[in-house]
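Hello,

Here is the structure I promised to pass on. Please have a look, and my notes follow below.

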Amino acid sequence: MPDKREREMIGALFVLGFDGRSLSRTVATVFDRYRVGGAVLFQRNHSDVVQTWELTRTLRKQGMVVGIDHEGGRVNRLSGPVTATPPMAGLGLARSERLAEALGGVHGAELAALGFQVDYAPVLDVAVNPLNRVIGDRAISSDPEVVGALGVAYLRGLEAFGIRGCAKHFPGHGAPREDSHVSLPEADVDATTLERVHVAPFRQAVRAGVPMLMTAHVVYPAWDSRPATLSRAAVTDHLRGDLGFEGVVVTDDLQMAAVAAGWDVEERVLLALEAGVDQLMICHDLDVQVAALEAVYKAVDGRLIRRERLEASYARIKALQKAAKQISPAKNRDALLETLGCEAHRVVSESIPRV
């Protein structure tokens, strides 16, 4: 059995989702027993803004960092009066860093008021394939320089309100046609194109100090035969080595078909950690989450994962957790409703071109 310190470090590796608009006793017991470090919320966890504000407070009191995918457009888990904003492709049409930063500020202010600490955005995938529907208008542009510049500006807007952004999906989900939610895509691009087009926006974000990056469940044959999430070449050699990224690397959901169809949950989590990932996101089934946690416990006991490896990820995660405490949630219901959907935020949203 891992010792107390190791159990704390293992729990910090996990970002878990759950069903319901409050923590059930069963879920709360598991999260507490394993000292889970992060929670990710979805539409299934949201009925209204006051309920969500109360839920994030509960999760933070349990010591978890609370995140959400809040991109605008079709990736929006929150109902009104949260400001409805158009998809990121509108920023690409405007080509305005000022507007991109303002949009980040709208999202940052409203997420912080609701008690969130991490926004799994922006998408830095480059929209080179018009048949790629899963990314589509979620991407800022087909021009990597525009994606990088506007993505970095958006991150500045988030961070002005203490929200930690997460650039995704490294090293790019813009090339393949397939949707990694339902199958394992392959990006048939050569190494030069991969670096020059798809990696370029992430390199720009790393230079600007992005605190977190999410991996793609996509195979890049120019680098490896495994999807980037499970690839040491992608995470350690290229992201850590070539790009010099020192922040937190989080997986996309490890229950997505792209990885779930080819590897059982124990293999998924151990291969991701071997690749160099810091946090493992598992968004749905509690039994799968427990199996993943137990797999890491056994690997630590069996010395398949060395303590120094845990310590390295834990240090990066703790730095993120410390920074995430900078947010200022709304103090009461009235303050919350004054922030959400305010006129200044609506003006920003209406200034973004519609796709």
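Before the rest, a word on the basis. This is a predicted model, in which local features need pLDDT of at least 70 and side-chain atom pairs count only at pLDDT 80 or more, while totals for chains, interfaces and linings use all residues. Residues are numbered from 1 along each chain as its sequence is written, and side-chain values use heavy atoms, with hydrogens and water left out.

**Overall build**

The protein has 14 helices and eleven strands. Its radius of gyration is 19 Å, close to the 20 Å that the globule rule gives for 355 residues, so the protein is as compact as a globular protein of that length. That radius is taken over C-alpha atoms, and the globule rule is 2.2 Å times the number of residues to the power 0.38. The C-alpha atoms fill a box of roughly 55 × 50 × 30 Å along the principal axes. Of the 355 residues, 60% are buried (buried means under 20% relative accessible area, exposed over 50%, partly exposed in between, with a 1.4 Å probe and protein chains only).

**Core and cavity**

In soluble globular proteins, nonpolar side chains tend to be buried together. Here the largest nonpolar core has 120 residues, and Phe-14 and Tyr-120 have the most contacts inside it. Such a core is a set of buried Ala, Val, Leu, Ile, Met, Phe, Trp, Tyr and Cys residues joined through side-chain atoms within 4.5 Å. Leaving out residues up to four places away in sequence, Tyr-120 touches Val-15, Met-212 and Met-281, among others (contact means heavy atoms within 4.5 Å).

Helix H12 (residues 307-324) gives the largest share of the lining, three residues.

**Backbone details to look at**

Most residues other than glycine have a negative phi, and most peptide bonds are trans. The bond from Phe-170 to Pro-171 is cis, with omega near 0°. A cis peptide bond also joins Lys-168 and His-169, with omega about 0°, and His-169 is found in strand E8 (residues 167-170).

Arg-35 is not a glycine, yet has a positive phi of about 55°. Arg-35 lies in the loop between helix H2 (25-33) and strand E2 (38-41) and is partly exposed, at 31% relative accessibility. Arg-95 has a positive phi near 50°; its place is the loop between helix H4 (89-94) and helix H5 (97-114), and at 53% Arg-95 counts as exposed.

**The segment after H14**

Val-355 lies in the segment after helix H14 (343-351). Val-355 is exposed, with a relative accessible area of 66%. Beyond its neighbours within four places in sequence, Val-355 is in contact with Pro-87, Ala-89, Gly-90 and Leu-93.

Best wishes

Terms used:
Helix = DSSP H or I, 4+ residues; strand = E, 2+ residues; numbered from the N terminus.
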